[in-house]
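Colleague: I am new to this structure and would like to go through it by question and answer. Please start with any term I will need.

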Amino acid sequence: MGRAYSTIAFDPAKCDGCGDCMTACAQAKTGTIDRARSRIQIVGRGDTIKDATKDATEKAFELALCRQCADPKCVTVCPAGALAKDGASGVIGWDASKCVDCLLCTVGCAYGGIALEEATGHVSKCDTCDGKPACVPVCSKGALTYVTTANIYNEVGDWEDLFAPGLAGCQGCNTELLMRHTLRRVGPDTVLATPPGCVPGMGSVGFNGATGTKVPVFHPLLTNTAAMLAGVKRQFKRMGREVTALAIAGDGGASDVGFQSLSGAAERGEQMLFMVVDNEGYMNTGMQRSSCTPYGAWTSTTPIGAGCAAGQPAQGKTQDAKNLPLLMVNHRCAYVATASTAYMEDLYAKLDRAIEASKTGFAYVHVYSPCTTGWRFASDQNMEVARKAVETNFVMLWEFTPDEGLNFTRPVDDPLPVTDYLKAMGRFRHLSPAQIEHIQGKVEENIRFIKRFAAALPA
Amino acid sequence: MSTTTLEKPAVGAPTKQKVMLCEGNEAAALGVALARPDMVAVYPITPQSSLVEHVAKLIADGRMDADIVDAEGEHSVLSVLQGGALAGARTYTATCGPGLAFMFEPYFRTSGMRLPIVMSIVTRDGITPQCVWGGHQDAMTVREVGWVQIYCETVQEVLDTTVMAFRIAEDHDVMLPVNICLDGNYLSYGTSRVELPEQSDVDAFMGAKDVNWHVALDPMKPMAVDPLTGGSGGKGPATFVRYRKSQCRGMQNALGVIEAVHAEWASRFGRSYAPLVEEYRLDDAEFAIMTLGSMTGAAKDAVDEAREAGRKVGLIKIKTFSPFPVEALMRALSKVRALGVVDRSVGFRWNCGPMYQEVLGVLYRLAREAGTVLPAMSFIGGLAGADITIGHFHRVIDATERLLDGPAPNEPVWLNEND
Ligand code: SF4
C-alpha cells in the first residue's frame with residue numbers, strides 16, 4: 001500500500017497556452033484531435049489562449065486536471081461507488097459499469113479534474129496513462145512534469161528504521177533525517193562508523209553501554225574513520241562475508257583532521273561507502289569553522305567583531321570552502337556524488353549506486369546538510385534552505401564514476417541570485433555588499449569550473 | 001617462577017627446527033609469519049623498515065597468508081588493525097620513534113578497547129636533536145598507556161617472543177595489546193644464528209584464535225563499540241572506573257600469563273627465557289647492575305670479568321617492563337646491597353633514567369616491607385645508537401660497588417658523554 005503518489009505538475013510561468021498537451025491527450029484517449037475531449041485542460045485566466053495582442057508575460061494559464069487527491073472529494077460524493085482510488089498507483093479510477101451519470105463528482109472536484117465528455121455522455125478523467133502521461137513529453141515549454149519524487153516513500157516507507165527512536169538531535173535536524181534514510185537504505189548487514197560529531201553526539205552510538213543503533217556501530221577517532229572501517233571490511237572479505245562498511249562522518253572530520261585517512265583509503269580503493277554530512281562546520285562542538293565552511297559565514301571561531309558595527313568590512317570566514325567532493329573525484333573513486341535532502345529521489349538513486357560501487361571500491365557521497373542551530377534559521381526551514389542552496393547553484397548536484405565522468409543530476413540552468421539563499425539564514429546576516437559580490441562570483445566560478453571539469457572527463 | 005636463574009631447559013621431545021642466519025628484523029618477521037595473523041598493516045620508518053619489507057616478501061612469496069595494508073601513515077596503520085581486530089582478525093604491525101608518536105592517538109585507544117594487537121617497536125631514540133638511531137626513548141615515553149611491553153636481548157629471543165606475544169595478548173585473562181621491543185640497530189640489523197620452529201609445532205602452541213569475543217563489529221551480533229560515557233551525575237564515571245580497573249587487572253594478569261606462555265614455549269621448543277626478570281650470577285652477589293634489552297650481552301661479559309677479578313657483582317635484566325614486575329624485582333633486589341641501573345633513555349622530569357625511576361618505587365616497597373634501604377644510582381647510556389661497551393659496564397660496576405661504602409649520587413652518570 002502506497003502512501004504517496006506520482007502526479008503531473010504544472011508550471012504556469014512556462015506555459016504559453018499552445019494546447020499541445022490537450023491534443024496529445026485527446027489523441028491518446030479518444031483517437032481524435034478534439035481538444036474538448038482532452039482530460040487535461042489549459043484555460044486562460046481571463047485571457048484568451050493565443051491572444052496575440054497580449055504580451056506573453058501578462059498571460060496566465062491554469063490547469064484543469066485531476067490531482068489524484070489523497071482524500072478525493074469526487075470519490076466521497078459519488079453515490080454509486082464508481083470512483084475509487086487505487087492503493088498502489090494512487091490513480092482515481094472511474095468504473096463505467098457502476099456510473100449512473102449523475103455528475104455529482106464534477107461538482108465535488110475543486111480542480112476541474114473530472115468533467116462531462118459531451119461526445120460520450122459520460123464523465124472522463126485523467127488516469128496518468130499508467131504512469132506515462134501522453135501530455136507531458138509533448139509540452140516543449142517544460143510546463144508539465146511528471147513528478148515521481150514521492151514514489152520513494154512508497155518504496156522505502158516500510159523499510160526498517162535502524163536508528164533508535166528519540167535521538168537527541170536539535171529540533172528539525174537535517175542530519176537526523178539523512179542518517180535515518182541512509183541507514184534504512186543500506187540495511188542491516190552493515191557496520192556503521194560514526195566519528196565524533198553530531199551523528200554520535202545525538203546518541204546513535206549510545207550512552208553508558210546502551211546502543212542507539214540496530215546495526216553494529218562504533219565511534220572511531222575523528223582522525224581515523226576510513227582506516228578503521230577499512231580494517232573491518234577487509235576482515236569480513238577475508239571471511240567471505242558480504243557486509244557493507246558505512247561511514248557517516250561530519251565535514252570537519254573528513255576535510256580537516258581526518259583527511260589523511262580518507263585520502264589514503266580512497267587511494268587504496270578500500271571497499272566502503274563514506275558519507276560526509278556537510279553542515280559546513282564543527283556544529284556539535286559549538287559551531288566552529290571547518291575548511292568546508294563557506295566564505296563570509298559566521299561561526300564561533302570566525303565571529304563578527306565590533307569592527308562591523310564601526311563600518312569596517314564585515315567578517316566571518318575569510319577563505320572559500322574546500323571542495324571536498326571534487327578532491328575525491330581526483331582520487332578516481334569508484335563513485336563520487338553530491339546530494340541534498342531537498343532532492344530525496346536524487347539522493348536515493350545515488351545511494352543505490354554508491355552501495356553497489358562500495359562492493360568493489362571506494363564510494364563517496366557528500367550531502368549538504370543545513371544546520372538549523374549553526375546556520376541560524378527556524379527549524380521548519382530546513383528543506384527550504386537546502387532547496388535554495390541548489391536553486392542558486394551554491395550547491396551543485398552531480399555524480400562521478402571513472403567510466404562515465406562527472407554528470408550533473410539536477411542542473412540548474414536559470415539559477416536564482418545567491419542572495420535568495422544567503423538571506424534565508426542568520427549566519428550570513430552581517431555580509432557586506434562586497435562579500436555578497438564575492439560569494440556570487442564564487443558561485444559562478446564554481447559552476448564554470450566544474451562544468452569544464454565535467455567536459456574534460458569521459459561522458 | 002617469576003625470577004629465573006637460567007639453566008639448560010628441561011625439555012620434552014626435541015623439536016625439529018631449521019637453523020638459519022638472519023637479522024633481528026627478519027627474525028621478527030619470521031615470528032609473525034609463524035603466528036599466522038590475518039592482517040598486517042605497514043608503514044616504513046628507520047630502523048623498522050626492513051622488518052615490514054620482510055613481512056611483505058613473506059606474503060608475496062606465499063609463505064604467509066595475511067592481508068597486507070600499505071597504509072598512508074602509522075596513525076592509519078594502527079587504525080586499520082583496530083577495525084580488523086574488531087571484526088575478528090589476528091593483527092600485527094611494527095613501528096618506532098616518530099612513527100609511534102604519530103600513532104599515539106589510536107595507540108592509547110587500543111588498550112582501552114582491549115584489542116590484542118601485537119606490535120614490534122624497533123626502538124629508536126627521540127627527536128630532537130634529529131636522530132635515526134637506536135635508543136629506548138620511544139617505547140619508554142609510552143610506557144604508561146596500557147600496552148604490555150616486552151624487551152628482547154637476542155635475535156633468537158626476538159623470533160620466539162614475537163610468536164609468544166600473540167598468545168599473551170589474546171589470553172582471555174589479558175586481552176591487551178603487546179609491544180615486543182627490539183633495539184634499533186643492535187637487534188634490528190644484528191645478524192645471528194636462529195632456530196626456526198616448524199609451523200605445525202607453532203600451530204599447536206597457538207591454539208584456536210578468538211580475538212573479538214569481548215567486543216566485536218559484526219551484524220550477526222550488533223553492539224555499540226565504545227559508546228559514550230555520560231558525565232558526572234550519571235553512571236558514566238562509575239562505568240569508566242570499572243573499565244580502567246579491568247584494564248589494570250588485565251595488566252596484572254599478564255604477569256602470570258607471560259610466565260606460563262614462556263614455560264610452555266620452553267617445553268615445546270627447548271629455549272627458555274626469564275619471562276619477567278632475569279637474575280645473572282646474583283645468588284652470592286653483594287651488588288647488582290640492572291639492564292634492559294640488547295645491552296645485556298656486554299653487561300654479562302663485564303660481570304663475568306669482574307667476577308674473575310673476585311668482585312661480587314650480579315646482574316638483573318628486566319624482560320617484561322609493562323606490567324612492571326614488582327614482585328620479581330623485590331625478590332631479586334633483596335639479594336643485594338647496592339644497585340646501578342643502566343637506562344638507554346632519559347627521564348626528563350627526574351633527571352635520571354626512566355627504568356631507574358620506576359625501580360625507586362620497588363626500593364620503597366623493599367624498605368617498607370623488608371626494612372632494607374638499598375643505595376642505587378642511575379646510568380644513562382647508548383643514546384642515539386651509541387654502543388654501551390664492556391668498558392662502559394666496568395665503569396658501571398665500579399661506581400655501583402662504591403655505593404656499598406660511600407654516598408649515592410643523585411645525578412645520573414652519562415656513559416657515552418666523552419666517547
Ligand atoms: S457522475 Fe458518475 S462518477 Fe460522477 S458522481 Fe455521478 S455516478 Fe459518480
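Modeller: Buried means under 20% relative accessible area, exposed means over 50%, and partly exposed is in between. Keep in mind that this is a predicted model.

Colleague: With those cut-offs, is A:L103 buried, exposed or partly exposed?

Modeller: A:L103 lies in chain A, in the loop between β5 (92-94) and α3 (104-108). The relative accessibility of A:L103 is 30%. Buried needs a value under 20% and exposed one over 50%, so A:L103 counts as partly exposed.

Colleague: What is the phi of A:L103?

Modeller: Most residues other than glycine have a negative phi. A:L103 is not a glycine, yet its phi is positive, at about 70°.

Colleague: Where is A:R376, which also has a positive phi?

Modeller: A:R376 is not a glycine either, and its phi is about 70°. With 39% relative accessibility, A:R376 counts as partly exposed. Its place in chain A is the loop between α14 (372-375) and α15 (382-391).

Colleague: Which residues of helix α1 of chain A are buried?

Modeller: The helix covers residues 20-30 of chain A. What covers its buried residues includes β2 (41-44), α4 (135-138) and β8 (144-147) of chain A. The buried residues themselves are A:C21, A:M22, A:T23, A:A24, A:C25 and A:A26.

Colleague: Which residue follows α1(A)?

Modeller: The residue after the helix has a positive phi, near 75°. That residue is A:G31.

Colleague: How much of chain A counts as buried?

Modeller: Chain A contains 17 helices and 16 strands, and its C-alpha trace spans about 70 × 60 × 45 Å along the principal axes. Its accessible surface comes to about 19400 Å², with 53% belonging to carbon and sulfur atoms. Of the 459 residues in chain A, the share that counts as buried is 51%.

Colleague: How far apart are the mean positions of the positive and negative charges of chain A?

Modeller: Chain A has 45 positive and 47 negative charges.

Colleague: What is the radius of gyration of chain B?

Modeller: Chain B has 13 helices and 17 strands. For 419 residues the globule rule gives 22 Å, and the value for chain B is close to that, so chain B is as compact as a globular protein of that length. Its radius of gyration is 21 Å.

Colleague: What share of the residues of chain B count as buried?

Modeller: The C-alpha atoms of chain B fill a box of roughly 70 × 60 × 45 Å along the principal axes. Chain B exposes about 15800 Å², and carbon and sulfur atoms supply 54% of that area. Among its 419 residues, the share that count as buried is 60%.

Colleague: Among contacts in chain B between residues at least 6 apart in sequence, what share join residues at least 24 apart?

Modeller: In chain A, the share for contacts picked in this way is 67%. In chain B, it is 81%.

Colleague: Is B:G233 buried or exposed?

Modeller: B:G233 sits in the loop between β10 (224-225) and α9 (236-269) of chain B. Its C-alpha is 42 Å from that of B:L329, and the two residues are 96 apart in sequence. The relative accessible area of B:G233 is 85%, and the cut-off is over 50%, so B:G233 is exposed.

Colleague: Which residues does the cis peptide bond with an omega of about 5° join?

Modeller: Most peptide bonds are trans. One cis bond in chain B, with omega about 0°, joins B:T46 and B:P47, and B:P47 is in the loop between β3 (39-42) and α2 (49-60). Another involves B:T128, in the loop between β6 (118-123) and α6 (137-141). The bond with omega about 5° joins B:I127 and B:T128.

Colleague: Which three residues supply 21% of the area that chain A buries against chain B?

Modeller: The contact takes 38 residues from chain A and 45 residues from chain B. The area buried between the chains is about 3000 Å², with 58% from carbon and sulfur atoms. On the side of chain A, three residues supply more than any other three: A:N208, A:R234 and A:R238.

Terms used: Residues numbered from 1 in each chain as written. Chains lettered and ligands numbered in written order. Predicted model: local features only at pLDDT ≥ 70, side-chain atom pairs only at ≥ 80, totals over all residues. Heavy atoms only, no water. Buried < 20%, exposed > 50% of the residue type's maximum accessible area, 1.4 Å probe, protein only. Helix = DSSP H or I, 4+ residues; strand = E, 2+ residues; numbered from the N terminus. Contact = heavy atoms within 4.5 Å. Rg over C-alpha atoms; globule rule 2.2 N^0.38 Å. Areas by Shrake-Rupley, 256 points an atom, 1.4 Å probe, with all protein chains shown as cover. Buried area = accessible area lost by both parts, 1.4 Å probe. Lys, Arg positive; Asp, Glu negative; His and termini not counted. Charge placed at Lys NZ, Arg CZ, Asp CG, Glu CD.
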